[in-house]
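This report describes how selected side chains are arranged in one protein model. Please consult the sequence and the 3D view while reading.

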Amino acid sequence: MRIRQVRPGFCTDNVIAALPKPARLTYILLWMLADDYGWIEWDIEQAGAELYPFEGVKRRERELQTDLDALT
């Protein structure tokens with residue numbers, strides 16, 4: 001994972017503000033998985049394990065898919 005910064009403008013962006021809160025958090029956390037060019041090799045099991053390690057496997061994968069659907 002990489003260290004990324006969230007800019008203040010993120011919170012006031014109208015498109016971001018329209019997303020559900022869990023999707024906003026997932027969006028920020030996905031930045032840490034992305035390479036320097038913004039690409040992510042999508043594997044929901046791996047992403048869930050890295051982003052939400054203390055959630056149950058089925059729950060985190062279901063919620064991560066819900067967040068991804070909201071983001072797309």
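## The nonpolar core

The largest nonpolar core consists of seven residues: Leu29, Leu30, Ile44, Ala47, Leu51, Tyr52 and Leu64. A nonpolar core is a set of buried Ala, Val, Leu, Ile, Met, Phe, Trp, Tyr and Cys residues joined through side-chain atoms within 4.5 Å. Buried means under 20% relative accessible area, exposed over 50%, and partly exposed in between, with a 1.4 Å probe and protein chains only. Two or more residues of this core come from each of H3 and helix H4 (44-51), and H4 gives the most, with three residues. Helices (H or I, at least four residues) and strands (E, at least two) are DSSP runs, numbered from the N terminus.

Leu30, one of the core residues, is in contact with Ile40, Trp42, Leu51 and Leu71 when neighbours within four places in sequence are left aside. Contact here means heavy atoms within 4.5 Å.

## Basis of the description

The model is predicted: local features need pLDDT of at least 70 and side-chain atom pairs count only at pLDDT 80 or more, while totals for chains, interfaces and linings use all residues. Residues are numbered from 1 along each chain as its sequence is written, and side-chain values use heavy atoms, with hydrogens and water left out.

## Aromatic pairs

Rings of Phe, Tyr and Trp (its six-membered ring) pair if their centres lie within 6.5 Å; planes under 30 degrees apart count as stacked, over 60 as edge-to-face and the rest as tilted. By this rule there are three aromatic pairs. One of them joins Phe10 and Trp31 edge-to-face, at 5.5 Å centre to centre with 85° between the planes. Phe10 belongs to helix H1 (residues 9-12) and Trp31 to helix H3 (residues 21-33), so this pair ties together parts that are 21 residues apart in sequence. Phe10 is buried, at 12% relative accessible area, whereas Trp31 is partly exposed, at 22%.

Tyr27 and Trp31 also form an edge-to-face pair, with 5.4 Å centre to centre and 70° between the planes. Both lie in helix H3, four residues apart, which is about one turn of the helix. Tyr27 is partly exposed, with 32% relative accessibility.

## A buried charged residue

Glu61 is located in helix H5 (residues 57-71). Glu61 is buried yet has no salt bridge, defined as a side-chain nitrogen of Lys or Arg within 4 Å of a carboxyl oxygen of Asp or Glu. The nearest side chain of opposite charge, Arg60, is 5.2 Å away; Lys and Arg count as positive and Asp and Glu as negative, while His and the chain ends are not counted. Leaving out residues up to four places away in sequence, Glu61 touches Ile44 and Glu45.
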